[in-house]
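Work through the exercises below with the structure at hand. Each task is followed by a solution in steps.

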Amino acid sequence: LLGPLGEHLPRGRRPLVIVPHRSLWSLPFGALRDGEGSWLGSRVPLLLTPSLEILARKRNSPQRRALSQRKLLVIGNPTFPSDLDFDGSRLLPLPGAAKEAASIARLIPGARTKLMLSEMPVIEAVRPLLAEYDILHFATHGVAYADRPKESFLLLAGQDERAVRFTAEQIVDTRMSVDLAVLSACETGLGQTTGDGVLGLGRAFIAAGARSVLVSLWPIDDSATVEFMLAFYRAYLSGEHKALALQHATAALRARPQYDHPRYWAAFSLIGAEN
């Protein structure tokens, strides 16, 4: 597919910006082969955007805090009644998500990090916090609806089906000024595909004010995702731009024999601005 582009494909640290059209939003660009047989994601950092106008706006939006001062909110493995029915299916607890959340929270120790596990992250408690933090990390279940994208949701803690759904519609109405929102859940990059991008969770965070959102295209592996996210954050917090941090994380996972298949590392896409 990429062979005809040949010498025009860039190399190096600057990201290749892709503006996908309609169903191409569900394509894992990092797992395409270039004309030389290498993964495109290993050749160049990749960045997706719904439009060049949105890209310019996000790149030019002011940073609220320097990297060394950014505050991190981590939400992991929320507790909910086991008998809840989510459109005919049951969602199970995610012990790997709890480990992931706790591990990431340790990367920024002290008062700049807030970790919310199990029963704590209810919608009423979370929404006011989103304006205070620069980095948001959700390690939970995600459900995307192509026919009703506003109802796509991240799972938070609660006692009934409606209370635990942090929907795309609610996210859009929760104004924030975050540098990065990481939606470490299944299929958070899916939704209703249009000519202007995908309407769903990722687009909701972009519309609410996030500079960048990291999303997934399919159900992700618990154990592999822990290692992927730790590698991503270490690169990002060291000062690498986010598209390059994503490239480092995929390379780290591919280096592990048990995780070298694209199903483990190619699900993740970065949308918004890399800086």
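Contact here means heavy atoms within 4.5 Å. The model is a predicted one.

**Exercise 1. Describe how helix α3 packs on α7.**

Step 1. From α3 come Pro-95, Gly-96, Ala-97, Lys-99, Glu-100, Ser-103 and Ile-104, and they meet Asp-222, Thr-225, Val-226, Met-229, Leu-230 and Tyr-233 of α7.

Step 2. Sort these residues by class. The contact of α3 with α7 has 7 nonpolar, 3 polar and 3 charged residues.

Step 3. Take the geometry. Helix α3 (residues 95-105) and α7 have axes 9 Å apart and pack at an angle of about 15 degrees. Angles under 35 degrees count as roughly parallel, so α3 is roughly parallel to α7.

Step 4. The crossing of α3 and α7 is right-handed.

**Exercise 2. Describe how α7 packs on α8.**

Step 1. Helix α7 covers residues 222-237 and helix α8 covers residues 242-254. Their axes lie 8 Å apart, at an angle of about 140 degrees. Roughly antiparallel requires an angle over 145 degrees, and α7 is therefore classed as oblique to α8.

Step 2. The crossing of α7 and α8 is right-handed.

Step 3. On the α7 side the contact includes Phe-228, Phe-232 and Tyr-236, and on the α8 side it includes Leu-246, His-248 and Leu-253. By class, the contact of α7 with α8 divides into 11 nonpolar, 2 polar and 2 charged residues.

**Exercise 3. Find how many cavities of 30 Å³ or more there are, and describe the largest cavity.**

Step 1. The count is 2 cavities of 30 Å³ or more.

Step 2. The largest cavity holds about 190 Å³ of space. Of its 19 lining residues, Gly-30, Gly-41, Leu-46, Leu-246 and Phe-268 lie nearest its centre.

Step 3. Assign the lining to elements. β2 (46-48), α8 and β13 (268-272) each give at least two residues to the lining of the largest cavity, and α8 gives the largest share, 5 residues.

Step 4. By class, the lining of the largest cavity has 13 nonpolar, 5 polar and 1 charged residues.

**Exercise 4. State which residues line the second largest cavity.**

Step 1. The space in the second largest cavity is about 90 Å³.

Step 2. Its lining consists of Trp-25, Pro-50, Thr-188, Gly-189, Leu-190, Gly-197, Val-198, Gly-200, Leu-201, Gly-202, Arg-203 and Ile-271. The elements that supply two or more of the residues lining the second largest cavity are β11 (197-200) and α6 (201-208).

Step 3. By class, this lining has 6 nonpolar, 5 polar and 1 charged residues.

Notes:
Residues numbered from 1 in each chain as written. Predicted model: local features only at pLDDT ≥ 70, side-chain atom pairs only at ≥ 80, totals over all residues. Heavy atoms only, no water. Axes fitted to C-alpha atoms, helices over the stretch in contact; angles between N-to-C directions. Helix = DSSP H or I, 4+ residues; strand = E, 2+ residues; numbered from the N terminus. Parallel < 35°, antiparallel > 145°, perpendicular 65-115°, else oblique. Left-handed = near helix turned anticlockwise from the far one by under 90°. Nonpolar A, V, L, I, M, F, W, Y, C, P; charged D, E, K, R; others polar. 1 Å grid on protein atoms, 1.4 Å probe; cavity = no way out; pocket = protein on both sides within 12 Å on 5 of 7 lines; lining within 4 Å. Points joined across faces, edges and corners; volume = space filled by probe spheres on them.
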